[in-house]
Amino acid sequence: MDMAIAPPDLEPASTRPGLFRTRLLPYALVIPSVAVIGGILAFPLGMLIWLSLQHYGLRELIQHQGDWVGLGNYGAILVDPLFHQVIVRTLLFTFACVALTVVLSTLVALLLQRVSRVVRVIVMSSLVFVWATPVIVSVDIWQWMFDYEFGIINYLLTQLHVGNFIHHNWFDNPLQGWSVLVVVVVWGAIPFVTITVFAGLLQVPSDLVDAAQVDGAGPWQSFRYVTAPMLKPIFLIVICLSTIWDFGVFNQPYVLLNQRPSADYYTIAIYSYRESFGVTQYGLGASIAVLMVIVLVIVTLFYVRETLKLAEIQ
Amino acid sequence: MIAREAAQGVRAGRVRAATRTAAAATRSWRRVRQLAYDVTGLAVAVVMLFPIYWMVATAFKPGVDILRLEPKWFPNPITFQNFQDAIERPFFLDDVRNSLVIVGVMLVLALLIAFLAAVATARFGFKGRNAYLVMIIGVQMVPLNALIIPLYLMLDRVGQTDALAGVIAVYLAVVLPFMVWTLRGFVANIPAELEESAMIDGCTRVGAFFRITFPLVGPGLVATAIFGFIQAWNEYIVAYVLLSSPNNQTLTVWLASFTTNHGPQWGPLMAAATLTGLPVVAFFLVLQRYLAGGLTAGAVKG
């Protein structure tokens, strides 16, 4: 008798509080992160859009009250010839950096597969060193190496008879200055991309490559038709991330030009910063930032779509 | 008969000799190719490392050896004067302390919050879980540079500009999404059966969690801590915009202002750069095993 009654009594008593707890527990665990990310990333993103629709200068900052101007800021920015220059320049810079980074990193990753073990450890350690170097530190190093008077680059180029680079100032000519910036950014970006691509290469079964070679494929063909397609997801992620990072570049040009870059060295991020904090036009700066996000979304949409397509196939 | 056998023997010998020389040729060609690969690899390592070597070498050179048209490849004699100059610069020690406080407080909070969220998404199915994960991934796409203006105005309104708390909050939000994502992979990798069997053996749910899951997640916590450390230690623009007074700034802001305030004094600047990079490189080198394994574990397993 007792036994018959006991189980139904016991069951709800033991599971109901447990059920209640597990139902609310995950939400309790997630709430802190939602609060932080929502409050400090999502809310400012909304505020950015709202701000871009206001005239918001120093007076408005003190009064905590902007003047609604609708799309006025966007109108002003879109007819500004400097904005066109800056956006084209930033896109070209991004393209050059991403292309060079991915090509060079892939070559180094393929090389890593072929070198002996000791050399692989040496190359890997050098990559880790560069990876761990803070951006500001690396900018200072390159600034010193490209110094017009005592920089080692000018000395080496003169010694190698590339030309007379004694007292050559790389930043007089913006095209040369931007080339230096590409070198700085690509040097810093190679470790992450190389290590990621190398990790991907390790997952390509070697019998597939061997089979292709038995069938008469040369090194380029076996890379093009066997290895590269298998690495596609990794390439997509790496290109997408590099595009986001390089398009928003701020530190390298800003610090390399001693925190006073001329308009020739504006990237879109520096331009937005200058409009907001340099001439205290926060509304205008915010609208530039919004346009920057929009361009970025358009550029990266392609990669995201391709990645989703791959995910659906698998 | 004998002649034929002899002829065959000679022919076979010739064929064998031919294959032997061919094999030797392939082998030596392979050796040459391997040598070429290794030399190229070493050249890559030299090119990548040279800027870092040049920073350290310059930091140890006396001023007269730095400002030479024909550079000295090795620091000889060695001096520590540049390091002393860098450390004695105003606000160096203040800014080291600020960097340590910001990174330390941020890491403790981030690991705690990220771990809770990782457990929730790896161990429980709940309504809104997918939406949450999509948010975690999507938020990483937003460039931080674009948010500087509203962040500044928002923190300005609550009086947290030029205060470490504001910077800590921003860094926390920046590193959290990646940390949650990576830790989630680690927690998901630990079979829930382990916890269940501990509970059968008499552990409470919380007890099983702390005795079984928590120790196994250790490497994941280390990996994400390294990531957070590097992100926060190296960050520049947020600290530059938010922290205005020199005794409140971080080490990267101090380093970036080195040249503008005093003109390029390369020796002390390179010494300062070496000091700024040192903690990160040390942290990274000691724990990189965890990082490499950790990143892939977090990314691959779902």
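Predicted model: local features only at pLDDT ≥ 70, side-chain atom pairs only at ≥ 80, totals over all residues.
**Exercise 1.** Work out how many residues helix 6 of chain B has, and how the reach from its first C-alpha to its last stands beside the expected value.

*Solution.* Begin with the boundaries: the helix runs over residues 144-157 of chain B, which gives 14 residues. Next, take the reach from the first C-alpha to the last, which is 20 Å and close to the 20 Å expected at 1.5 Å a residue. Finally, look past the end of the helix, where Gly159(B) follows with a positive phi, near 70°.

**Exercise 2.** Decide whether helix 6 of chain B is mostly covered, and name residues that are buried in it.

*Solution.* Of the 14 residues in this helix, 11 are buried, and the helix is thus mostly covered.

**Exercise 3.** Describe the side of chain A that touches chain B by its source and its class of residue.

*Solution.* Start with the contact as a whole, which takes 65 residues from chain A and 74 residues from chain B. On the side of chain A, the largest share, 17 residues, comes from helix 1 of chain A. Sorted by class, this side has 50 nonpolar, 13 polar and two charged residues.

**Exercise 4.** Compare the radius of gyration of chain A with that of a compact globule of 314 residues.

*Solution.* The globule would have a radius near 20 Å, whereas chain A has 27 Å. Buried residues make up 37% of the 314 residues in chain A.

Technical notes
Residues numbered from 1 in each chain as written. Chains lettered and ligands numbered in written order. Contact = placed C-beta atoms within 7 Å. Helix = DSSP H or I, 4+ residues; strand = E, 2+ residues; numbered from the N terminus. Nonpolar A, V, L, I, M, F, W, Y, C, P; charged D, E, K, R; others polar. Expected span 1.5 Å × (residues − 1). Buried ≥ 20, exposed ≤ 12 C-beta atoms within 10 Å, placed from the backbone. Rg over C-alpha atoms; globule rule 2.2 N^0.38 Å.
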